[in-house]
Amino acid sequence: MKTIIEPFRIKSVEPIRMTTREERERLLKEAGYNLFKLHSDDVLIDLLTDSGTSAMSAAQWGAVMTGDESYAGAPSFYRFEAAVRDLMDFKHIIPAHQGRAAEHLLFSLIAKPGLVIPSNTHFDTTRGNIEAAGAEALDLPIAEGKIPSLDHPFKGNMDLAELERLMAERGEDVPCVMMTITNNAGGGQPVSLENIRGAAEIAHAHGKPFFIDGCRFAENAWFIKLRENGQQDRSIKEIVRDTFRVSDGMTMSAKKDAFANIGGWLALNDDSLAEQARTRLIQTEGFPTYGGLAGRDLDAIAQGLTEIVDEDYLRYRVRTNAYIAERLDEMGVPVMKPAGGHAVFVDAREWLSHIPPLEYPGHALACALYEEGGIRGCEIGTVMFGRKPDGSEEPARMDLVRLAMPRRVYTQSHADYIVEVFEELAARKDDIRGLKIVKEPPMMRHFTAEFEPL
């Protein structure tokens, strides 16, 4: 069969409140033109993020009922630990309430002023936690990853030559090497197993640990299976295990590739660092066998990890985004090629070329999508990454709008509706205007900044 159907049935639904354009224009203005400040029940299709927005399965809801809420040593923790270790065999697995908490644990221990932490591309909270510790978050994507229109199988890869150069010149200032899979800020693009191994080899040759931000590890493994030579006949679980076998630790948001609404973990092989992390965890999150999570959440994560490596699901998941990207490309809307695993990324700088980067074309397009059709997306561009630690501002490498698809939530007709909204916008795209920031916090401004149209 040519049609790839959703590999699940729907047995519980929630209503969508249908709004008018006039309502949405008013609501957006009241929110200071910041989509994060909208009430979610005023959104028709919410593509702001795929983090924590998944539909949990019947088996996950059943696992919730088995959750044990003992403060220390609950069986829920040991089921969680076993499920993680089945895929990523690290010595120490430390739960946290979400990925950024795991990042904070790690970087509060290893980052400080004067140090630099390279990655293929750090995402916003990773960068924020590194910079909050006073270190520099350095992105080293391959050249192909900087060109949205270019088709390349692994645009999320790290530039290994640049990494080697950095290590040769400033190796003493590098506490670790990071790798994000998939490369979210780079358009949801995958990283090859060869590149992961190459980055780990360089880090280890210089005596540095190699860490993976693994929140979309299963989607990355699916792309490896599809696109990398010699991987086609291997299972997703085998590829996942190989991915993490070369790493010394990982941070994880279970709100992505574990189908959970909350949760994450920090995994480590270093005994001393793990002891320090657990001490910090007790101070900030909770006892090391719950880490800020309820036992029921740990059980939901454990079940979700068994479901995420299902190939029927991954085939459907990736195809959903590819379908939308192909339809947009056909109508002349520039998108990141090839389509990423968790989202469609629209090249707003290219499509709205009349808006200068410092007037935030990505954010302008995101606002227009909400006004036109009630779709909430997320700017990945100059609003998110343009402000520098010294307070200055410059255009980001790209101005994208991310349409992140929640897992197992929307259907084919929702995808077609998204395309239709773009068709409506295409007729008046030259009338869309940029914005200016009228209020912003000192760090990670995109979450709470306020805007006015120009």
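Predicted model: local features only at pLDDT ≥ 70, side-chain atom pairs only at ≥ 80, totals over all residues.
Local features need pLDDT of at least 70 and side-chain atom pairs count only at pLDDT 80 or more, while totals for chains, interfaces and linings use all residues. Residues are numbered from 1 along each chain as its sequence is written, and side-chain values use heavy atoms, with hydrogens and water left out.

I'll start with the cores. A nonpolar core here is a set of buried Ala, Val, Leu, Ile, Met, Phe, Trp, Tyr and Cys residues joined through side-chain atoms within 4.5 Å, where buried means under 20% relative accessible area with a 1.4 Å probe, protein chains only. The largest one has 58 residues, and among those touching the most other members are Phe 217, Phe 244 and Trp 265. At least three of its residues come from each of domain 1 (21–50 + 310–453) and domain 2 (58–308), with bounds from an automatic or database domain assignment. A second, separate core holds 48 residues, including Tyr 33 and Leu 435.

What does Phe 217 contact beyond its neighbours within four places in sequence? Its partners, with heavy atoms within 4.5 Å, include Leu 87, Asp 257 and Ile 308.

Next, the sheet. Strands are DSSP runs of at least two residues, numbered from the N terminus, and two of them pair if DSSP finds at least two bridges. The order is E9-E12-E11, open and antiparallel. Strand E9 (343–347) and strand E11 (378–380) are the edges. E11 pairs with strand E12 (residues 400–404) over 3 bridges, and Ile 380 stands opposite Leu 400.

Conventions: Helix = DSSP H or I, 4+ residues; strand = E, 2+ residues; numbered from the N terminus. Buried < 20%, exposed > 50% of the residue type's maximum accessible area, 1.4 Å probe, protein only.
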